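Student: Could we go through the ligand sites and enclosed spaces of this model, one question at a time?
Tutor: Gladly; here is the structure to look at first.

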Amino acid sequence: MTDEQGTAGAILVVGGGISGLTAALEAAEVGNDVFLIEKNAYFGGRVAQLNQYFPKLCPPSCGLEINFRRIKDNRKIRTYTMTTVKSISGSPGNYEVTLEIAPRYVNSNCTACGECAAACPDEIDNTFNFGMDKTTAAYLPHEMAFPRRYVISKEGLSAEGAEAVKSACKYNAVDLDMQVQTITVNVGSVVWTTGWTPYDPTNMDNLKYDQSKAIVTNMEIERMASPSGPTGGAIVRPGDDKEIESIAFVQCAGSRDENHLEYCSHICCTATMKQMTYVRERYPEAKIYVFYIDLRTPGKYEKFAEKLKADENAEFIKGKVAEIIPEADGGVTVVAEDTIAGGKHQQKVDLAVLATGMQPSLAVDGAPVELNMDSNSFVVPDFDKGMISAGCAKKAADVVTATQSSTAAALKAIQVSGR
Ligand SMILES: Cc1cc2nc3c(=O)[nH]c(=O)nc-3n(C[C@H](O)[C@H](O)[C@H](O)COP(=O)(O)OP(=O)(O)OC[C@H]3O[C@@H](n4cnc5c(N)ncnc54)[C@H](O)[C@@H]3O)c2cc1C
Ligand code: SF4
Ligand code: SF4
């Protein structure tokens, strides 16, 4: 165990997605020491997995890279990947936090030359692409990963693979004996920016996610649409690579349902509109069906939604999907109660996309320490204790709203830490 002393007023930011990056930068750029920790091997969170951002439809790199550069240039921020909180003791203004750093098996000598991956005979599921393809057990987590350093999955490595990656590295960067490391930091307050996880689609038996390759989630289609994704940007049916002539978007898949997520996930209607543009770009003639309860594209996203609603080859059906039925030809039939036209609406399509909601990560992983949480496990800020939340750890939100709340959280953290 080592001690990394924070000065008075230091702040710990837990979670290095767009919210954590923003909170860390806002606090550091006015002079506070910041420890920014991230459990993944890279910073950027879920935004790094998106193909494009709404409403401007620019690639995620345009938002993330500038933040990475500012972080690299700021000596007040100390960054730690593959790191989680183990325990916190003390009181507001004077906390001692124990952090646990998981082994990456690649040290700071790594130049990201890629020779270890080229030599590695072993493959593992590519979690960045939701397991839709494989990667070698020595890998760069994704194309624009920051830090730009390889990772090794030791569990995924055979004895032969271990020898191959070690001898491929000319920089002495592979260290398969690396151990879990523990450090302590002293901080005045903690900002929780642990974000969200896609709601598990297998929880909804009626939507049959695990029974047909023609049913994917909204995050999976983001990865398919991405040029660096599992299909190199092609939106085709997994399994048989069929080009898409018809597609259905199933809104509120898990959200606004007391058996699953009782709240509205806020972004999935606008995300569907965005994904309609991906489909249209690739298939000008494809039929698009959107099954919804209400279309919620609030405020600034209304204009964006209006354009998509005017698409002549798109049909919007107001009705909650009751069932998806896998068909013998590889397609699926979506069944819903049409609340405007009345009666049952059955629509056969090549591909169905479940607009699964955003669940707070801590609802799935559990909180490492006792936190003030609501019944859905969103973190409620406790300013007296200096435990502050922002972004999707606080509530389901788009990037603009998440970063605004991160700026506000940084301000609060500075106030508590300076007490
Ligand atoms: C299908 C879909 C499409 C979307 N498209 C858009 C869009 O086009 N435009 C837009 O504005 N928004 C979009 N969003 C919403 C956007 O993804 C969120 O607003 C954004 O991810 C919020 O960032 P965050 O930093 O709060 O959370 P996250 O992106 O989830 O980042 C949280 C980070 O914390 C880390 N973490 C979690 N737990 C721990 C822990 N215990 N210890 C350490 N680290 C931890 C995670 O690994 C992650 O890196 C979309 C959402 C969905 C579902
Ligand atoms: S671990 Fe070695 S071989 Fe692999 S990318 Fe880094 S420097 Fe190159
Ligand atoms: S944003 Fe739309 S799809 Fe998502 S939960 Fe709310 S109403 Fe349902």
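**Cavities and ligand shells**

Student: How many nonpolar residues are in the lining of the second largest cavity?
Tutor: A cavity is a set of points on a 1 Å grid over the protein atoms alone where a 1.4 Å probe fits but cannot get out, and lining residues have an atom within 4 Å of a point. Ala, Val, Leu, Ile, Met, Phe, Trp, Tyr, Cys and Pro count as nonpolar, Asp, Glu, Lys and Arg as charged, and the others, Gly among them, as polar. The lining of the second largest cavity, which includes Cys252, Arg256 and Asp294, has three polar, three charged and five nonpolar residues.

Student: On what conventions does this rest?
Tutor: The model is predicted, with local features needing pLDDT of at least 70, side-chain atom pairs counting only at pLDDT 80 or more, and totals for chains, interfaces and linings using all residues. Residues are numbered from 1 along each chain as its sequence is written, chains are lettered from A and ligands numbered from 1 in the order in which they are written, and side-chain values use heavy atoms, with hydrogens and water left out.

Student: Which backbone lies 2.9 Å from an oxygen atom of ligand 1?
Tutor: A polar contact is a pair of N or O atoms within 3.5 Å. A polar backbone atom of Ile18 is 3.2 Å from an oxygen atom of ligand 1, and one of Lys39 is 3.2 Å from a nitrogen atom of the ligand. The backbone N or O atom at 2.9 Å from an oxygen atom of ligand 1 belongs to Cys392.

Student: What share of the area of ligand 1 does the protein bury?
Tutor: Accessible areas come from the Shrake-Rupley method with a 1.4 Å probe. Taken alone, ligand 1 exposes 1,000 Å², and the share of that buried by the protein is 97%.

Note on methods: Polar contact = N/O pair within 3.5 Å; in protein donor to acceptor, adjacent residues only side chain to side chain. 1 Å grid on protein atoms, 1.4 Å probe; cavity = no way out; pocket = protein on both sides within 12 Å on 5 of 7 lines; lining within 4 Å.
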